[in-house]
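My entries follow in the order I made them.

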Amino acid sequence: MRLPPCFKAAETSVWQDVLEPRRRSFMRHLCSSALAVASAGTVSACRNIQTVRGEAMTATGTFAHGVASGDPLADRVILWTRVTPQEGDEEREIDVQWQLATDRAMQHIVASGSVTTKSENDYTVKVDATGLQPGRVYFYRFNSAVAMSPIGRTKTLPAADIAKVRLAVFSCANYPSGYFNVYADAAQQTDVDCALHIGDYIYEYDETGYGCKHAKALGRLPQPANLLLVLADYRKRYAQYRSDPDLQALHAVLPFITVWDDHEFADDAWRDGAADHDAGAQGPFSSRKKAAIQAYGEWMPIRLPNPANAEEIYRSFDFGKLVSLHMLDTRIVGRDQQLMQSSFYGEDERFDASRFRAAVAASQRQMLGEKQMAWLERKVSASKAAWQILGQQVLMARMEYPSAIVSDEMGYAEFAALKQRAQRNPASLTAQQKALLAAPTLPCYMDSWDGYQSDREKVFGMMQHHDKNLVVLTGDTHNAWASDLYDNQKRLVGVEFATASVSSPGLESAYPDQPADDIARMMQTLIDPLYYAQTSKRGYMLITATESEVRADWRFVDTVHRREFTADTGRSLRTVGGSGNRRIVEV
């Protein structure tokens, strides 16, 4: 039996059960991967990255991790840095001055102050600079007794009507997997308002874990070398990532809006555990989760919407009346444990598809949790923006396989050929072939919204009830996707644009002997909502919103294993607002 490609390349030993070559292996393969379709476009000239990297590399001495800004609002923005204590000062408090100006030369200072940092917060510094003007570029820097930080650039959100919003979207940056050339390319883009990082900003694996195949040769072995379990581990890993010159360069030129996914904690995390967390050997997951949340809050330029509960990071950002951006947590605050297909096989080794479909659609299964869902309803209903954009982690589109393939009645190539024949000459089909084509499809990636269908219907329902234009921005799978979003009644709700990874391997690592373009075309044929996929390149998305449309441009780099690279826009798609539209269309 030739297995079809799945949604996400396996990352840890938890998938060994999924990948066993047994009679059930087909279904289990379906649960371990993630989708495809080839890119198009012209290759640009090799980017000159020396200036960007040179500027970032000036962040040495007591500001070795550079500067950053984040969570911009119309009148304020978070400013961030970290002071590296000098030898002998590791337990002392350190005073840091900050300045914010309207010019890069820092001649026109409009805000300044002094803060104290100490070991209790890992010597990180976070300032909420207030009293600023909307839609304006500012520059900032920090100063300690012995050093001056690099100068960073940031921008507040607009308050009035604007013609355009432009966002750069990132996910899945695995330090040992390769260089952050994607960040380097993005740092040179002009006319970008903000960077969105929608999860897997770091990875928690040890130096023999996922993505480390080339780490030693690239000089990018993880630090610490062990699996991240306690606060000191997570802090050291963030420090390593933030030492990267390309990540520093991007932070220095754009404000970030971020949410976490699983690898800021542990693989396939949920509210009370994770797929590869062994409480018996590693202690309670609650302790590990607490440590990960604390390190995330220290090292990321995030403003907690609820200071009394650092676990709640879902929040909204309004770009005038053009875009309401709602950043969701689909991972930690409300998610129930993922289902496993292996639980739906009977003693006769037959898969119980009916029971499985009922389980994934059960009303009690939650992705967001009741509190977050109610918050989103309030935000969407109150928004007057032309576009509702959800920044979130896992695929929301229906990525379901035909039952005939899952049951092994037909191979995927045979089914794809039958489907194409039905489009060309439907009269040539037998009754049995028509029945195979008409049979229900089956969800297979349980970590995505396909495994939490009731919550997905609630989100779709609120968008329909309030007649909103919906665009979903997604990461997680390491591959690029574009899909139309349909509810259970097959009504069009909106679109999903999903970014490729910054450096984590994509589906090409799971199927090295099959051309990625062939896999992509086959999946596009089999999965009706899937419009576009690219499964073999690393990259990011540029999202441009205007009153009439939202456009996605997928940027790809040709390598993450060398510092020298080329980058190009591999595909461009858009969606148009208004009832009767809200689907993917060509540019």
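I note at the start that this model is predicted.

Entry on Glu349. I located Glu349 in the loop between strand 14 (323–327) and helix 9 (353–360). Its phi is near 70°, a positive value in a residue other than glycine.

Entry on Asp268. Asp268 is another non-glycine residue with a positive phi, about 55°. I found Asp268 in the loop between strand 10 (256–258) and strand 11 (269–270). Asp268 has a relative accessible area of 8%, so I list it as buried.

Entry on Pro224. I checked omega between Gln223 and Pro224 and read about -5°, a cis peptide bond. Pro224 sits in the loop between helix 4 (215–218) and helix 5 (231–241).

Entry on Ser177. This residue belongs to the loop between strand 8 (165–170) and helix 3 (181–187). Ser177 counts as buried because its relative accessibility is 5%. I listed its contacts, leaving aside neighbours within four places in sequence: Gly211, Leu218, Ser503, Ser504, Pro505, Val560 and His561.

I traced an open sheet of four strands in the order 4-3-6-7, with antiparallel pairing. Strand 4 (109–117) and strand 7 (152–155) are its edges, each pairing on one side only. Neighbouring strands of this sheet are turned by 25° against each other on average, direction ignored. Inside the order, I followed strand 3 (residues 94–101) and strand 6 (residues 137–143), which pair over five bridges in the antiparallel sense. Gln99 stands opposite Arg141 of strand 6.

Definitions and conventions
Residues numbered from 1 in each chain as written. Predicted model: local features only at pLDDT ≥ 70, side-chain atom pairs only at ≥ 80, totals over all residues. Heavy atoms only, no water. Pairing = 2+ DSSP bridges. Helix = DSSP H or I, 4+ residues; strand = E, 2+ residues; numbered from the N terminus. Axes fitted to C-alpha atoms, helices over the stretch in contact; angles between N-to-C directions. Buried < 20%, exposed > 50% of the residue type's maximum accessible area, 1.4 Å probe, protein only. Contact = heavy atoms within 4.5 Å.
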